[in-house]
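Have the viewer open as you go.

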Amino acid sequence: MKTNRRTFLEGTMAAGALAFARRVHSGQPADEKPLKMGVIGVGWYGMVDAKAALKVGGVEVTAISDVDSKHLEQSVAELDKLQGKKPQTFKLYTDMLEKAGLDVVVIGSPPQWHALQLIACLERGVDVYAEKPLAYDVREGRAMVEAAKKHADRIVSVGFQRRQGKAFHEAAEFIKAGKAGRIVQADVQIHYRAGTLDPTPQEPPATLDWDLWCGPGPNIPYSPQVGHKNWRLEKTSGHGHLVDWGIHNIDATRMMLGLATPKQITAAGGLYQLQGKITTPDALTVHFEFEQLPVVWRHRLWGAAEWDPSINNGILFYGDEATVFAADQRWVVIPKDQPAKREEHAVAGDLGTAHMADFLKCVRTRQQPACTVDEAHRSTTTVQLGMIAYESNSVVRWDEAAEQIVDNPAAAALLKRDYRPPYEHPYRPV
């Protein structure tokens, strides 16, 4: 196709209009400079978040940090294609914070690093988008909440992307309007067949600083199963399926029903099929007793297809007038005694991009984001209490005001994990 002056100008104007729309969407005035973004951890989700930010617009990824030089090399090449400019690279996030002159930072590292990195960002005076879970242990979460209070002029958003889901919000409005009657129980679940890699201890790749990857957590032997991405089912890092993935639907349940944290928690499960391959339960049921109602979590990471695969990832709200199912892209109403009159509502949406857009808009406007540190701490504490109940094989009674487990020393000891020297845990009891 030949390009004349008119078509060139029309194309240029269209591109300019799109860029302007993106800046408005992110809260950036049309004549304002892009935010300088740094990313900690670019092996997977840090880059997902970075690409979401570039899709929203109004940012330039100017620096990235990772303990694997291969990740840095691959991400530099990808970002150069996406934004037409290579970012600076750093092995140490502390060097990046000191030298890169950043406005905002995305934290996409494994959970054992979240607390130290988020607090360092706040002390450096940058706004932060941190991936979930907020922290590895409950006491880290409290330290992060206190740091956010100390640096109250900073914006902190946590990656609970389901808070942007229109399906969850529409279902919540239906429930709040009383159309399902009184909700007597919520069942939350994500069943899937987990893939596993070789769990045999071996030398890490030459590009990876494994000791630094482990950081303040235990220095466990490297294997492909506990390395990049697969750390999610490793006890010392991701802490298992409930904490890693289930936390999204637990957070959505809390948001939809206006729940705080549970007052009593029991759990049962174990390793029934994936023994020797992962170190967290491949089947787990947790009963969270909230003040308003019980919320029951279930997962199974092996076996054949579900009886009804359409509900294997989502939340079931059982009311005395209707049952409501909510998931990422749809919600369903099943009226009492009239299952044939089921109402299906499909709601599409890019939740990750919408959540990043919310963060960037708040950076510009200085408003609070959709998921604050306090809300992230409550959801993270909830799932961590579930794992504490499982690991201690006991009933956990939780005093939310005091943030203490009552009359259960063995369980209470799991609220805080000792850091590996020379790292220091950031929690300081009042």
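Which element gives the largest share of the lining of the second largest pocket? Point 2 has the answer.

1. Some ground rules. This is a predicted model, where local features need pLDDT of at least 70 and side-chain atom pairs count only at pLDDT 80 or more, while totals for chains, interfaces and linings use all residues. Residues are numbered from 1 along each chain as its sequence is written, and side-chain values use heavy atoms, with hydrogens and water left out.

2. The second largest pocket. It is α6 that supplies the largest share of this lining, 6 residues. A pocket here is an open set of points on a 1 Å grid over the protein atoms alone, with protein on both sides within 12 Å along at least five of seven lines; lining residues have an atom within 4 Å of a point. The second largest pocket holds about 330 Å³, counted as the space filled by probe spheres set on the points, which are joined across faces, edges and corners. Of its 18 lining residues, Arg142, Ala143, Glu146, Tyr427 and Arg428 lie nearest the centre. By class, the lining has 9 nonpolar, 2 polar and 7 charged residues (Ala, Val, Leu, Ile, Met, Phe, Trp, Tyr, Cys and Pro are nonpolar; Asp, Glu, Lys and Arg charged; the others, Gly among them, polar).

3. The largest pocket. Its volume is about 790 Å³. The lining runs to 40 residues, with Gly108, Ser109, Pro110, Trp231 and Arg232 nearest the centre. Helix α9 gives the most, with 3 residues (helices are DSSP runs of H or I, at least four residues; strands are runs of E, at least two; both are numbered from the N terminus). The lining divides into 17 nonpolar, 14 polar and 9 charged residues.

4. The cavity. There is 1 cavity of 30 Å³ or more, a cavity being a set of points where a 1.4 Å probe fits but cannot get out. The largest cavity has about 40 Å³ of space, and its lining has no charged residues. Trp213, Cys214 and Thr236 are among the residues lining it.

5. Aromatic rings. I'd look at Tyr192 and Trp245, an edge-to-face pair at 5.3 Å centre to centre, with 70° between the planes (rings of Phe, Tyr and Trp, using its six-membered ring, pair if their centres lie within 6.5 Å; planes under 30 degrees apart are stacked, over 60 edge-to-face, the rest tilted). Tyr192 lies in the loop between β7 and α8 and Trp245 in helix α9, so the pair ties together parts 53 residues apart in sequence. Elsewhere, ring pairs link Tyr93, Trp113 and Tyr423 into a cluster.
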